[in-house]
Amino acid sequence: MKVLIIGCGKFGVRVSEYLTRKNHDVTIVDSDPEAFHALSEEFTGRTICGIGYDRSVLKQAEISTADVVISCASSDSLNAVVANIAKNVFHVPTVIARMYDPIRAKMFESMGIYTVSITRLGVDNVMEYLEENRSWRVIRKLGDEDVQLVKARVPFGLEGTRFSDLQVEGKVNLVAVERQGHSVLPDKEMCCEYNDMLYLAVAKDYLAQARDMLQL
């Protein structure tokens with residue numbers, strides 16, 4: 001995954017180093033250049049000094065191609081602004097914001113922005129959420145497990161591909177599509193849009209080929 005983290009405090013350092021160890025592409029932004037000294041030598045990502053909600057800084061951090069934005073600055077207000085920009089301006093698939101105010105946290109969760117508060121498990125909670133929302137996941141093994149139900153996110157390179165082109169007789173069947181919070185049954189004339197969530201029934205012996213077909 002390509003992950004952009006706003007805020008290089010203790011929480012930001014822990015998350016960024018964890019993601020780096022997992023071989024994800026991580027960029028971390030902070031307005032204080034001294035904050036980056038807290039990163040250990042194991043951090044191999046990029047650091048950018050700047051204001052987290054400054055759009056020029058966000059563009060420098062390549063937010064438009066990020067899979068995940070985690071805003072964990074010390075200010076709820078800053079995290080709220082960054083999360084809103086990431087979700088509604090740059091349409092980042094997964095946005096996480098740390099919130100100390102539980103009322104504001106509930107409001108943002110209703111907008112599709114996942115929040116982490118001091119009452120949750122912090123880094124562990126973030127990683128559990130990301131694991132559940134990654135680009136490819138087997139969500140159900142049916143019967144003798146020869147058929148598995150897979151949840152897969154459409155990558156940029158697959159945009160415009162007809163749903164009918166994803167069907168493989170006896171191996172892959174597209175069951176449903178989730179798009180911008182709404183679920184639909186696929187029509188053969190419909191095409192993939194970036195960040196669509198596909199639900200596919202896949203033969204167990206065809207899982208690797210299905211991932212290749214979906215460019216995941």
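Mentor: The account below begins with the sheet and its loops and then turns to the cavities and pockets.

The model is predicted, so local features need pLDDT of at least 70 and side-chain atom pairs count only at pLDDT 80 or more, while totals for chains, interfaces and linings use all residues. Residues are numbered from 1 along each chain as its sequence is written, and side-chain values use heavy atoms, with hydrogens and water left out.

The open sheet has 5 strands in the order 7-8-11-9-10, and their pairing is antiparallel. Strands here are DSSP runs of E of at least two residues, and helices are runs of H or I of at least four, both numbered from the N terminus; two strands pair if DSSP finds at least two bridges between them. Because strand 7 and strand 10 stand at the edges with a single partner strand each, one side of each is left without a neighbour in the sheet. From one strand to the next the twist averages 25°, with axes taken as lines fitted to C-alpha atoms (for helices over the stretch in contact) and angles running from 0 to 180 degrees between N-to-C directions. Strand 7 and strand 8 run antiparallel and are joined by 6 bridges. Arginine 140 has leucine 149, in strand 8, as its bridge partner.

The loop between strand 7 (136–142) and strand 8 holds glutamate 145. Its phi is near 75°, a positive value in a residue other than glycine. Glutamate 145 is partly exposed, at a relative accessible area of 33%; buried means under 20%, exposed over 50% and partly exposed in between, with a 1.4 Å probe and protein chains only. A positive phi, near 70°, is also found at asparagine 23, which lies in the loop between helix 1 (10–21) and strand 2. Asparagine 23 is exposed, with a relative accessible area of 71%.

A search of the whole structure finds 1 aromatic pair. The ring centres of phenylalanine 156 and tyrosine 194 are 5.9 Å apart and the planes stand at 80°, so the pair is edge-to-face. Rings of Phe, Tyr and Trp (its six-membered ring) pair if their centres lie within 6.5 Å, and planes under 30 degrees apart count as stacked, over 60 as edge-to-face and the rest as tilted. The pair links distant parts of the chain, 38 residues apart: phenylalanine 156 is in the loop between strand 8 (147–153) and strand 9 (172–179), and tyrosine 194 in the loop between strand 10 (182–184) and strand 11 (197–203). Phenylalanine 156 is exposed at 62% relative accessible area, whereas tyrosine 194 is partly exposed at 29%.

Next come the spaces. On a 1 Å grid over the protein atoms alone, a cavity is a set of points where a 1.4 Å probe fits but cannot get out, and a pocket is an open set with protein on both sides within 12 Å along at least five of seven lines; lining residues have an atom within 4 Å of a point. Grid points are joined across faces, edges and corners, and a volume is the space filled by probe spheres set on the points. There are 2 cavities of 30 Å³ or more, and the second largest cavity has a volume of about 40 Å³. Strand 1 (2–6) and strand 2 (25–30) each supply at least two residues of its lining. The second largest pocket has a volume of about 180 Å³.
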